[in-house]
Amino acid sequence: MAAVGEQISFATQFGRNIFRNGFEWNEFLHQCYVVGVRSISLVAISGFIIGFVLTLQTQPTMKQFGAESFVPGMVAISIVREIGPMIIALICTGKIASSIGAELGSMKVTEQIDAMEVSSANPIQYLVVTRILACTLMVPLLTVMADALAFVGGWLGVNTQGHVSATLFFRKAFAALEFSDMIPAVVKTFFFGFAIGFVGCYKGYHASRGTESVGLAANSAVVTASLWIILLDAVAVQITNLLYY
Amino acid sequence: MEQAQINQVEQEPETDKEQIPEDGVVIRIEHLKKSFGENQVLKDINLELHKGENIVVLGRSGQGKSVTIQCIAGLLEPDEGKLEVLGKEISTLNEDELKELRTKIGFLFQSGALYDSMTVRENLEFPLTRVLQIKDKEELTKRVEDALDSVGLKDAIDKYPSDLSGGMRKRVGLARTLILRPQIMLYDEPTTGLDPITAREISELIVTLQEKYETSAIIITHDMPCARITADRIVVMNDGEYIATGTYDELAKSPDELINNFFK
């Protein structure tokens, strides 16, 4: 219960400091670079392979039922609705939440956060607000990019067992998609990004003293953020079903 | 080896005289208690720090010396007792009032606590831009150079903390703390981990800067040469309480074995 109270208090401090004077634009842009740009290669490769493998796995089964022409649509719906947001969020958790947890944990252990607090600077505004907002903004962008590359991977996967033109593949893929597939999928990635940033910052900011706690903060950030993402996804699916189906 | 050049800067210290209470007591601690779970670290702490005075708190490791100054800086909340800083009771202050009061308190951490992702210049500019809201580049550079000059490290301005030795990090930490012109300085083991020569330089620097900036200070240490150089008065702490107070020479002659052990 104490931990829940602490998390609520941390979230309140975050909320209050977003709208305080002196928003740290430079640090926010730097964090967007760290969270977004530095994750591009990992996310791009992962997205491409997800599409490629998904196609290779499903194509033989679809072929048995004479439904090979539905492969692009099936890949598109699977990637956009669920697999893309979920796997990219989990990959980002491993990369970003652990990094934030370790960085802030290390700052806590070496008294850098205390030094900011004592000098009357605002560590929540400088360290926490910027990182959480950067994650909230960049994770959806990374997911959209990974989805696009998964389509490319899917097209190449189809072409390993025959020839399908890019135009035909993408036309069929996009024809299968509706706004009700895309909007909820994109909206939930903002929540995933927030969860990654929030959990990473919370675990790092509340690391106890000692070098061991830095590793614990990073590890705990990944585990907790992953659980939050799975939980949020389950909630998002329920809400989407209620709204659209 | 680091140069112990202490350059005198002509600029007048920006102390806020109105903040000093009439009786000249800048920190008043009465019956302060603090526990961590079952472990009662501070049992009954009473202390008065007067304007311009340097108090050294001596004690063995784990006796709660650092906890006392962390309570003063508002980093820890005491369980019981009265803690007044510049006439203001810490426990009654809201977030903004505490922030305002903290601009009058400087805290030098044991490790220096420099922001390791920033250069020395950025470390010193950080409190200036966030607390004093100074945005003018020339003004910032002048203040940063003055502060570094006063600790003899002007050449390190564009280095990262990882490029500095332990003593240099302490000096930069001191410069960063003093750049806001605090009225009270809290030093947490300022010479720990330093060789005797650098430790002596840091101790002398503390005294020089105290005279220059007219600060009052509490210095936590178990380094006796540092205590001898910096202390106007020494307080000995044992088992969560202050057990003796006096000048260095008075305590050195104490018949109490525990106190005497520090001076051997």
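The model described here is a predicted one, and in it the span of residues 27-264 of chain B is 38% helix and 26% strand, with its end C-alpha atoms lying 31 Å apart.

Two residues of chain B stand out in their backbone geometry. The phi of B:Q133 is near 60°, a positive value in a residue other than glycine, and B:Q133 is placed in the loop between α3 (120-130) and α4 (137-150) of chain B. A positive value is also found for B:E189, likewise a residue other than glycine, where phi is near 45°; B:E189 belongs to the loop between β7 (184-188) and α6 (196-213) of chain B. Such values are worth noting because most residues other than glycine have a negative phi.

Chain B meets chain A in an interface in which 16 residues of chain A are in contact with 22 residues of chain B. The size of an interface is often expressed as the accessible area that is lost when the parts come together. For chain A and chain B, the area buried between them is about 1800 Å², of which 51% is on carbon and sulfur atoms. On the side of chain A, the residues that lose the most area to chain B are A:E111, A:V118 and A:S120, which together account for 33% of what that side buries.

Across the interface, 7 residue pairs are found in polar contact, both residues of each being at pLDDT 80 or more. Helix α5 (residues 112-118) of chain A gives the most to the side of chain A that touches chain B, contributing 6 residues, while the residues of that side as a whole divide into 5 nonpolar, 5 polar and 6 charged.

Over all chains, the count of aromatic pairs comes to 18. Among them is the pair formed by A:F10 and A:Y205, which is tilted, with 5.6 Å from centre to centre and 50° between the planes. Because A:F10 lies in helix α1 (residues 2-18) of chain A and A:Y205 in helix α8 (residues 179-205) of chain A, this pair ties together parts that are 195 residues apart in sequence.

Note on methods
Residues are numbered from 1 along each chain as its sequence is written. Chains are lettered from A and ligands numbered from 1 in the order in which they are written. This is a predicted model: local features need pLDDT of at least 70, side-chain atom pairs count only at pLDDT 80 or more; totals for chains, interfaces and linings use all residues. Side-chain values use heavy atoms; hydrogens and water are left out. Contact means heavy atoms within 4.5 Å. Buried area is the accessible area (1.4 Å probe) that two parts lose on being put together, summed over both. A polar contact is a pair of N or O atoms within 3.5 Å; within protein, one must be able to donate a hydrogen and the other to accept it, and residues adjacent in sequence count only if both atoms are side-chain atoms. Helices (H or I, at least four residues) and strands (E, at least two) are DSSP runs, numbered from the N terminus. Ala, Val, Leu, Ile, Met, Phe, Trp, Tyr, Cys and Pro count as nonpolar, Asp, Glu, Lys and Arg as charged, and the others, Gly among them, as polar. Rings of Phe, Tyr and Trp (its six-membered ring) pair if their centres lie within 6.5 Å; planes under 30 degrees apart count as stacked, over 60 as edge-to-face and the rest as tilted.
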